[in-house]
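Please look through the model below before reading the notes that follow. They take a few elements in turn, for a reader who is new to this kind of work.

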Amino acid sequence: MKRFLPLLLPAACLLPGCAQKVAPGIEPAPAQSFLGRRHQQFLPAEQADLAVVFVGGFTEQVMTRVRGLYETMPPLPAPGRQLRAFYAWDSGTGCLPAHSTWRLQKDLRAFMRINPRADIVLIGHSYGGSAVMDALRHVADEPFQGRVLVVTLDPVSRRARSHPRERAPQVNAWVNVYVAPYCAVTDAVAWVGGPWRHCEQADANLVFPGYKKDAKGRWYKHIYPAPLFMEKPPGSTMGAYDLLKETALQMRLGDPALTRKP
């Protein structure tokens, strides 16, 4: 039996139960198999009041860092039906030179046309941060009247696409989070991409020092998006998740500042 154990373990991970516990109320329910967690979960073209879209970085389909956030973040305190989706930074092509967001663009357009007054939240990490803004710029011609909220977690992009680091025209609120300075060797991948760091057009810039540790005792790093999203920066009273929940509450109460384009 011991001889077959190395062969059985990978097969066991193809079955449900290998992933972490999923937050209740996520729709559509995310796949929990080993391979299923590495596939994109496209935004359905269905009627809804809110769409929360997660976009991972360069190694996301292997490391599933943002996938964990997609699975475990509780539904936002906003009214109506909420849909949730998960994308690769390049629409799953695996092609660094192309850096295409075509699938995300396509699905956003379909959702916007069915739900012209819905709200959309996009959360992008690393290349996923620049992919979110790239996709939004391409769908800016849609006659969409809903509100768009963006959270970028230590965003990077190829150097040719890093400038200007502009806010897409239809974004109502933008929270940008980044690590500075980088103190880990593994953060070198962010330098290859071209880090955005402080973004002048963001409504909030939250900074996590790379020489401090998160709640699990790990250094804040580019490769760990969860603490950058869920935790408060040292010395701050609110983190990105706190700001997102507060903004969702303002949306529910009809805050006029969030109903008009900047």
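1. Since this is a predicted model, the points below describe computed geometry.

2. Helix α5, made up of residues 127-138, can be checked for length: at 1.5 Å a residue its 12 residues should span 16 Å, and the C-alpha atoms at its ends lie 17 Å apart, which agrees.

3. This helix is also largely enclosed by the rest of the structure, because 10 of the 12 residues of α5 are buried. Among them are Tyr-127, Gly-128, Asp-134 and Leu-136, and the buried residues of α5 pack against β1 (50-55), α4 (102-114), β3 (119-125), β4 (148-153), β5 (173-179) and α6 (188-193).

4. Which residues touch the most other members of the largest nonpolar core? Of its 65 residues, these are Leu-43, Phe-54, Leu-122, Ile-123, Leu-136, Val-150 and Phe-229. Leaving aside residues up to four places away in sequence, Val-150 touches Leu-122, Val-132, Met-133, Leu-136, Val-171, Ala-173, Trp-174 and Val-175.

5. A last point concerns cysteines, for the structure holds zero disulfides. Cys-199 is buried, because its relative accessible area is 2% and buried means under 20%, whereas Cys-183, at 46% relative accessibility, counts as partly exposed.

Methods. Residues numbered from 1 in each chain as written. Predicted model: local features only at pLDDT ≥ 70, side-chain atom pairs only at ≥ 80, totals over all residues. Heavy atoms only, no water. Core = buried A, V, L, I, M, F, W, Y, C linked by side-chain atoms within 4.5 Å. Buried < 20%, exposed > 50% of the residue type's maximum accessible area, 1.4 Å probe, protein only. Contact = heavy atoms within 4.5 Å. Helix = DSSP H or I, 4+ residues; strand = E, 2+ residues; numbered from the N terminus. Expected span 1.5 Å × (residues − 1). Disulfide = S-S within 2.5 Å.
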